Amino acid sequence: MSVSSPVSEPPAVPVAAVSAVVVLAAGEGTRMRSRTPKVLHAAGGRPLLGSVLAAAQAVRPERVVVVVGAGREAVTAYLSQAAPTAEWVVQERQGGTGHAVRTALDTLPELTGTVVVTSGDTPLLQGATLERLVATHASSGASATVLSALLPDATGYGRVLRDETGAVTAIVEQRDATDEQLAVREINSGTYAFDAAALRGALARLSTDNAQGEEYLTDVLAILRADGLPVAAVAADDARDVAGVNDRVQLAEAEAVLRERVLLALMRSGVTVRDPASTWVEGSVRVEPDAVLLPGTRLHGSTTVATGAVVGPDATLVDTTVGEGAHVRNATCEGAEIGPGASVGPYTYLRPGTVLGRGAKAGGFVEMKSAVLGDEAKVPHLSYVGDAEIGEGANIGAATIFANYDGVAKHRSSVGPHARVGSDTVLVAPVSVGAGAYTAAGSVITEDVPAGAMGVARGRQRSVEGWVERRRAGSTSAEAAARARTADPRAADGAAAGTTDEGAPA
Ligand code: UD1
Ligand code: CA
């Protein structure tokens, strides 16, 4: 981080204007063996293409053009929703990467200046790397600059060839390379900065005279060199940034890198990640310093975790907000809002529209949906709370069910502040329990309970004296009953087996 100074200074590496970023995404991705287009396979919580488009924003292009082909309906549908400012161009047949770029430039006849070309299958590409590529391209005056990387194992990639002075001369594909060329470890990342006019001229002269019978974009470099134009290469700082995803093994490898990047950034910002190996946090998630993520935590989408909160072990949160100092353990939460100091879990399922107030509790084996739990209100055990408003300080007894569905439509119920719903109550919606009211344990509540009242809706208990010794004679139960009768003759009078009181909640 730079120290602020009163005089505004230009950035260390000025980013030259980029007229367009062209993203190649028309390939079939045969090696994925999938019905889903390769660039729509997800890593780090979003499609590969989405990561590339996000990185492209770093060079502030005037236009972003995606070349689509295989699976174009799905790819363009994704673009309309996730990147509405991106344009797309259809490549009707897979004529190779050179043909793809030619197809894009044909639709941009007026384009001049710098064009960045990259692939939709390189999700690890970082904005800063693109900025450096563009800055180097601008300052060197090259007509083409390829982003390269030094790999211990270059298998599968095109190799960057240099002459005895170190100047870049060409890129040769794996399948077209000699043994000597295959020994080169500097690879082509598939990302380049070009002068638009030079690129256009060279693309018109590509041949298909190669192992794959395709127009190779990579051949542009040798053509420009032959024209006497300088071409350059800039190596990525981290070779992992340029890895392409061609199969599911590489997809999992990309996922691991993206995951590690997010966790490292979180830890450096002051978040405790107890076990990075079992923690998954998508790049879209925000976690404040001094939050703690315990093993088995997975945070997705627009989830946010405030300072002092503890999440995990074993919690999956999707689009969920966790307030300051809240605890969420062994839980699955989707679209939930967990207030400051609230407590969730273990074994709790919070579904969309759940809102827990400050200090509220959704305890073990509790499921909630579209339900608001007021400040300090508690649903501690084994309950279903759907379509409900529960006032502050209310207590919902164990095994309470909000029966919100009559088989046709859903209805809402409410429980007033400081009410006490007895264990095993069924609240048949729509129904309300007033402020400070009680319900008797085991009640099926079908009518509103006024504020301060005790709602009782259940059969009164009766005990049939001596039933076990008469009807289960000879059983161990009958023997135990007989022993109890002998030891305390009053037991036989029913004194110890009376009816219960009007169910005080547990
Ligand atoms: C390409 C490069 C190789 C480089 C590697 C980096 C060429 C000839 N080779 O090889 O030097 O090391 O990327 O990952 O450029 N595509 C189209 N239309 C086509 C063909 C491909 O849009 O007709 C798209 C694909 O969807 C993909 C990208 O271009 O996003 C690269 O194609 P791919 O087949 O993966 O090229 P590689 O063999 O990886
Ligand atoms: Ca590739």
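The protein chain is divided into domain 1 (18–235) and domain 2 (248–455), with bounds that come from an automatic or database domain assignment. This is a predicted model, in which local features need pLDDT of at least 70 and side-chain atom pairs count only at pLDDT 80 or more, while totals for chains, interfaces and linings use all residues. Residues are numbered from 1 along each chain as its sequence is written, and side-chain values use heavy atoms, with hydrogens and water left out.

The C-alpha centres of domain 1 and domain 2 lie 46 Å apart, and 12 residues of domain 1 are in contact with nine residues of domain 2, contact meaning heavy atoms within 4.5 Å. Between them the two domains bury about 960 Å², 57% of it on carbon and sulfur atoms; buried area is the accessible area (1.4 Å probe) that two parts lose on being put together, summed over both. On the side of domain 1, M32, G44 and L124 lose the most area to domain 2, together accounting for 48% of what that side buries.

Across this interface the rule finds zero salt bridges, each defined as a side-chain nitrogen of Lys or Arg within 4 Å of a carboxyl oxygen of Asp or Glu.

For "binding site", an unreviewed UniProt entry lists D121 and N246, in the numbering used here, although such annotations may be inferred rather than shown by experiment. These residues span 126 residues in sequence, yet no two of their C-alpha atoms are more than 7.4 Å apart, so they gather at one spot.

Notes. Chains lettered and ligands numbered in written order.
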